[in-house]
Each structure stands twice: as C-alpha cells, then as structure tokens.
Amino acid sequence: MAYKTVNPFTNETVATFPDLTDAELACKLDRAQETYKEWSRLPFARRATVVGRAAELLRAHKDEYARYLTLEMGKLYRESRAEVELSADILQYYADNAEEFLAPQKLTEKSGRGDQAMVVSQPLGIVFAIEPWNFPYYQLARVVGPQFMAGNVVVVKHASNVPQSAAVFEQLFANAGAPEGLYTNLYATRDQLGAIIADDRVIGVALTGSEGAGAIVGAQAGKALKKTTMELGGSDAFIVLDDADLEKSVKWAVWGRMNNGGQCCVAAKRIIVAEPIADAFLDRFATELGKLVPGNPMDEKSGVPPLSSQAAADQLNEQVEQAVRHGAIAMRVGPTPPNTGAFVQTTILTNVKPDNPVFHQELFGPVAMFFRVKDDDAAIQLANDNPYGLGGSVFTGDTARGMRVAEQIETGMVYINHPTWTTSDLPFGGVKRSGFGRELSSMGIQEFVNKKLIDVVPIDAAP
C-alpha cells in the first residue's frame, strides 16, 4: 500500500491505508462540486465561522494534533506544536481579512463613458492541492484558508507518508461545522492524479513539492488548460557580510539550517560568508551545530530529529558521499546519531566547487554547504549561481547595504538579518525552478478567483 505511517525514529510501520478506488474518487468529486454550488453563495461571515472555528480547535487540541506530525515525519515535538499554532494563525488570518482582500475594486475610466466600472472577485470551483510531508498541516492551511474564504472548495492529495495527518486535518473541518465536500482528503494513486487534473470541475492545481513533481503536474495541467501555482525546491543562500554581528549571525545560521531537521524549502542551505570573518564564523558555526543532540523527537532535549524516512536519509547520505568523491570536505559535527531510525550525521561541506554535482543540488536535512567570498559582489554572484530562487537572507550591520544586496538576489523572498521564514501576512513563493505564484498574505487569496470586470456604460455613449 502506498499510504502508510512509518515512524522514522524506529522505522516501524504503524498503520496502512488503502488506495482510493476510481468509484470512490468519482463520488468524492461529485460531492465536492455539489458543495461548491452551495458554499460559493454563502456570505463571508458564514464561511469565516467554519474557518475560524477550525483555528480554535487547532489551538484547543494543539498537543493532540502535534503528535501526529512527530509520529509520521519525525518533527521535533516542540516544532510540531509551533506548526499547529502557525496553521491556526493562517486560518484565522483569512477568516478575519478575506472580505477586505476580495472587496470590489472601483475603477476610474479615462474614456469618459461612465464612472461605474469595477472588478469583482468570484470563486471558480474545485481547487486540487498536492502537498508534501515536511509541514503536513501548514502546507494545507495556506491553501485551504484562502480558498475556503474565497468560496472555492478543495480536494487534497497529501504525501503518502503522512496519511494520518491528512485524515485528521479533514476531520478538523468536519468538527468545525464544514459541509461534507468542502475539504476532501484523497488517498489517490498516481494514475488517478491525471484524471483529477483533467476533470472539468477542477479549476486549478496548487502544488508544493519537488521540481520533478512540478514538471509532471504542470504538463498535465497545461494540457488541460488549468492554472497552477508551484512551490518547488530551494537552496537558499545565507549571506553574512563582513560588518555583520558574528555571534547573532551564527545563532540564526544554526536555526536557519536546522529548523524542521533541515527539511525545509527555505532552509539556509548555502552559508556564504565574507572572507575577513569566514574562519571565525565557521569555527563558531561548527561548535554551535555540535551542541545539538540527535535523539527521540518527543524528547525536549533532542536537537536533531530523524529525517522523514529511511529513503530520505539514504538519499542525503549519498549526496554527501558524492560531494566528497568530487573534492568536498565533510566536517562531521556533534554526537553520533542513533543506529536505529532515519538519522543523518550533522555535517558541514566545505571546498564545494562549481563542478561538484551537489553545488547546484538541494540538500534536505542536517547538511550545510559553506562558502567564503571576497566581497558583496562575489556573494551575490554565488547566491544567484543556482537553479532555484525561493528565499535567501543577508546579515549586515548596515541595513541600506543589506537592501542593495537583497535587491540583486534572484529569489522570490529575501530577509535581512533573519533566515527566510513565513507568516500569514507575508507573501510566499519563488522564481526560476522554485516555481511560480504566491501563497499567504492578500496575494495568496487572489490566485484562484475570477477577477471579473463589470462596467455600466450609458446607452448613448459613443462606440
């Protein structure tokens, strides 16, 4: 069976779930379409009652929801709790602000024919969300929050290794009073994905995942003339200029690289440091990373969790070995991880040259690449020498200098003096092979709505 819970701390199979049959899929899409017809006509206040109630339930049962995240993908329990809170924040944000974001916009006509032109935002139908395992609730919340408040309904194909997280999120909305079909979890097979995308009632696809998955889904959606939003991989540059606060920059570099066990699209994967402070930074960075203890993710003392699966750990270890075979130096830091479970030794890769295969790859886990550069221009050039363009950060004591560097980095997001991160009110998304479209903020709710022009023109107006 494709859908199963395997505890990555023990590699034990906990539960399995059957694939969706074609007949079940047809029934669920029928139900979703019928619900859309009703939900799309409800006022914002009625929609907000359901979405806001879901946020309340997440907060009220935070510990219960968090345990599923730690069980299924190995997230440190304290970070699982934080993800539940973040998901609740997003849902509440859209419950509170959607009506303002989608309010009719009056236009000023230059033709002189009238003054009653406006753009109204209207829902379109079923949005198909394909989501990954690394943030099992947050990824869902940032799609369903805006889409539900816009009047759309959502069907979800979640990652096969988080089936219980997928199921409890569907149940969350049922408990919040959502009608059946507003949120539909699908244990769909790969063969069924194309049929879902091609279905005339599905008006678009929101995907977060790998570059390969994005290419396949994008091709299928394009053939069906469906809009997509894509949040794909990332290899964010964490730039430290020579005037940065060294101690604080190191602290944020550790957090930026190791948050979520390093399994984050916007993790600080490439540490780029100005030559005058590079040696001191590397020494402190290695020391601080080494203080993180690998262990049971339910234990508050643990600092390095297992990866999401043994397959993910094996892939990352192979990338490190490949890097070393091509001339990189692997600095193993911190305690040796347990023999059982999907653990990877915390590692810093140095001497990574442009001809090394990993130079342009994404490393998903507790492995950082470290580079030293002579000046700001070299830092910018290195940051941009990458197929991805999701996030990035610049650390400096001079904000104006940081802004000049940030403006030249080819990504969708850049933070100054903080690692790339996410909040409900800031847009999230990338460029290049990191995808397109935006989620969160006022921009996220605009992706799958009809921006309809309505213009009242005097009947005697000139043609």
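This is a predicted model: local features need pLDDT of at least 70, side-chain atom pairs count only at pLDDT 80 or more; totals for chains, interfaces and linings use all residues.
Next I listed the buried residues themselves. They are Ile277, Ala278, Phe281, Leu282, Phe285, Ala286 and Leu289. I kept the general rule in mind: an α-helix has 3.6 residues a turn, so residues three or four places apart point the same way.

I then checked the geometry of H10. The helix covers residues 275-290, 16 residues in total. From first C-alpha to last it reaches 23 Å, close to the expected 22 Å. Where does H10 bend? I found a bend of about 30° at phenylalanine 281. Phe281 is also among the buried residues of this helix.

**Entry: glycine 303**

I moved on to the loop between H10 and H11, where glycine 303 sits. Is glycine 303 buried or exposed? Its relative accessibility is 10%, and I count a residue as buried under 20%, so glycine 303 is buried. I looked up its contacts, leaving out residues up to four places away in sequence. Glycine 303 touches Leu76, Arg78, Leu292 and Val293. I also took one distance. Proline 132 is 171 residues away along the chain, and its C-alpha lies 23 Å from that of glycine 303.

**Entry: glutamine 319**

I went on to helix H11, residues 310-325, which holds glutamine 319. Glutamine 319 has a relative accessibility of 10%, so I log this residue as buried too. Which residues does glutamine 319 contact, beyond its neighbours within four places in sequence? I found Val358, Gln361, Glu362 and Leu363. With one of these, glutamine 361, I found a side-chain to side-chain polar contact of 3.0 Å.

**Entry: a three-stranded sheet**

Last, I looked at an open sheet. Its three strands run in the order S3-S4-S20, with antiparallel pairing. I checked how S3 is attached. Two bridges join S3 to strand S4, residues 118-123, and the two run antiparallel. I also looked up what faces glutamine 105. Valine 119 in S4 stands opposite glutamine 105.

How values were computed:
Residues are numbered from 1 along each chain as its sequence is written. Side-chain values use heavy atoms; hydrogens and water are left out. Helices (H or I, at least four residues) and strands (E, at least two) are DSSP runs, numbered from the N terminus. Buried means under 20% relative accessible area, exposed over 50%, partly exposed in between (1.4 Å probe, protein chains only). A polar contact is a pair of N or O atoms within 3.5 Å; within protein, one must be able to donate a hydrogen and the other to accept it, and residues adjacent in sequence count only if both atoms are side-chain atoms. Contact means heavy atoms within 4.5 Å. The expected span of a helix is 1.5 Å times one less than its number of residues. The bend at a residue is the angle between axes fitted to the seven residues ending there and the seven starting there. Two strands pair if DSSP finds at least two bridges between them.
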